[in-house]
Amino acid sequence: MVKVVLDGVSKHFNGTTAVDKFNLEVNNEEFMSILGPSGCGKTTLLRLIAGLEPVSEGRILFNDKVVNEVPPRDRNVAMVFQSYALFPHMTVAENIGFPLVVRKNPEEKTNERVKEVADLLQLSHLLERKPKALSGGEQQRVAVGRAIVRKPDVLLMDEPLSNVDAKTRAYLRAELKELQRDIKTTLLFVTHDQTEAMTMSNRITLMRHGKLIQIGSPEQIYEHPRDIWSASFVGNLPMNLFSCKLIDKKGIRAIAASCFTPQSPLNIMKKLKDQKDGTQFTLGVRPEDIEISKTQKSGLFCEAKVHLLEPTGDSLIVSLKVVDTIIRAKTKPGFKIEVGDQVYISFEWDRSHIFLGTNNSELISDMNP
Ligand SMILES: Nc1ncnc2c1ncn2[C@@H]1O[C@H](COP(=O)(O)OP(=O)(O)OP(=O)(O)O)[C@@H](O)[C@H]1O
Ligand SMILES: [Mg+2]
């Protein structure tokens, strides 16, 4: 069982820095997701851990042992790729057993282990089939079987679910999570799908431009984003962002939406208590933390006009025009509302976020991969 440590690890490819001074500790038996937009260095990070690429700087340790110079075959690491490339001419059993056969394990032992893995992955009834006679989800399970057959200390998965349809993906997500718990392997799971990362992991490492941005449990990442980029990247619907200005500590005013005035909630003012009047900041509110009402209530609210309705079955996404800004709110399905309606919105202030010294426009480019 292995703890994986990256200590100041960088990888440069002539001119491109794919991984930038990365410090990371993945605990023994942990399910760690690496989440970030396309091109941020996720695959490179896995390849460095597997030993398929040499690091440019820094050290990689497995249980306090530096493995920089250890060749891939001696690291006891297995990797599952996005295109899981099963051998088409081999049966399921032969595909799963392949890593044992090339290492010249005795035939009897190999067969025994293949049977064990097939049972674990519910593939026992398919052992004699060839990959082309399997569904995408089944092929994926064979690829996982091939990876775990040698009992790797570290399992690396690079977007393993991206080639299967949405329904199969949801079901494989639960299956993989259960499998990892059963086989007790340290798992690094690369994805750019934040639902995958949120639902499966013990912790998430958020990565951008080769750098580690934030690390924490799914709840920590969602509830306490470190910066405006984390806040916007994680969440099925982007967080609503308002450019604001501190007027005089008694009130904040949203420049974009000119609605939070004159009194401001205490918790917001607490977060701003060390700031000077005139300080610019960004207020972030998630769509599920916006309440819509048709009548004017007391307290803080602003007026909005219903711009677009998107029913998703289990919720209703309402786009609202506030002055000239469009924001999105998530409500219960069946909420009676029409496009063009005048409504009043209020925020769940305890769950809103304040970001100081950040520039909104800088993050928009890679928010939605
Ligand atoms: N062998 C290589 N030679 C040169 N540049 C490379 C090489 N491999 C990766 N890169 C560059 O390093 C950066 C990170 O690439 P990487 O494949 O790790 O990203 P990723 O996060 O896995 O992206 P995706 O989500 O699209 O798979 C990219 O800019 C890429 O072009
Ligand atoms: Mg990749």
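Modeller: What follows is a set of questions about the ligand site and the helix packing, with each value set against its definition.

Modeller: This is a predicted model, in which local features need pLDDT of at least 70, side-chain atom pairs count only at pLDDT 80 or more, and totals for chains, interfaces and linings use all residues. Residues are numbered from 1 along each chain as its sequence is written, chains are lettered from A and ligands numbered from 1 in the order in which they are written, and side-chain values use heavy atoms, with hydrogens and water left out.

Biologist: Which residues are closest to ligand 1, and how many surround it?

Modeller: A residue is counted as near if one of its heavy atoms lies within 4 Å of the molecule, and 13 residues surround ligand 1, with Ser 38, Gly 39, Lys 42, Thr 43 and Thr 44 the closest. By class, this shell holds 4 nonpolar, 7 polar and 2 charged residues, where Asp, Glu, Lys and Arg count as charged, Ala, Val, Leu, Ile, Met, Phe, Trp, Tyr, Cys and Pro as nonpolar, and the others, Gly among them, as polar.

Biologist: What makes the approach of Ser 38 to an oxygen atom of ligand 1 a polar contact?

Modeller: A polar contact is a pair of N or O atoms within 3.5 Å, and a polar side-chain atom of Ser 38 lies 2.5 Å from an oxygen atom of ligand 1, so the pair qualifies. A polar side-chain atom of Lys 42 lies 2.8 Å from a ligand 1 oxygen, and a polar backbone atom of Cys 40 is 3.2 Å from one.

Biologist: Why are H2 and H3 called oblique to each other?

Modeller: Helix H2 (residues 92-102) and helix H3 (residues 107-120) pack at about 130 degrees, with their axes 9 Å apart. Angles under 35 degrees count as roughly parallel, over 145 as roughly antiparallel, 65 to 115 as roughly perpendicular and the rest as oblique, and H2 and H3 are therefore oblique.

Biologist: What makes H2 roughly parallel to H4?

Modeller: The axes of H2 and helix H4 (residues 136-148) come within 6 Å and cross at roughly 30 degrees, which makes H2 roughly parallel to H4.

Biologist: How do you know that H4 is roughly parallel to H5?

Modeller: H4 and helix H5 (residues 166-183) pack at about 20 degrees, their axes 11 Å apart, and that makes them roughly parallel.

Terms used: A polar contact is a pair of N or O atoms within 3.5 Å; within protein, one must be able to donate a hydrogen and the other to accept it, and residues adjacent in sequence count only if both atoms are side-chain atoms. Axes are lines fitted to C-alpha atoms, for helices over the stretch in contact, and angles run from 0 to 180 degrees between N-to-C directions. Helices (H or I, at least four residues) and strands (E, at least two) are DSSP runs, numbered from the N terminus.
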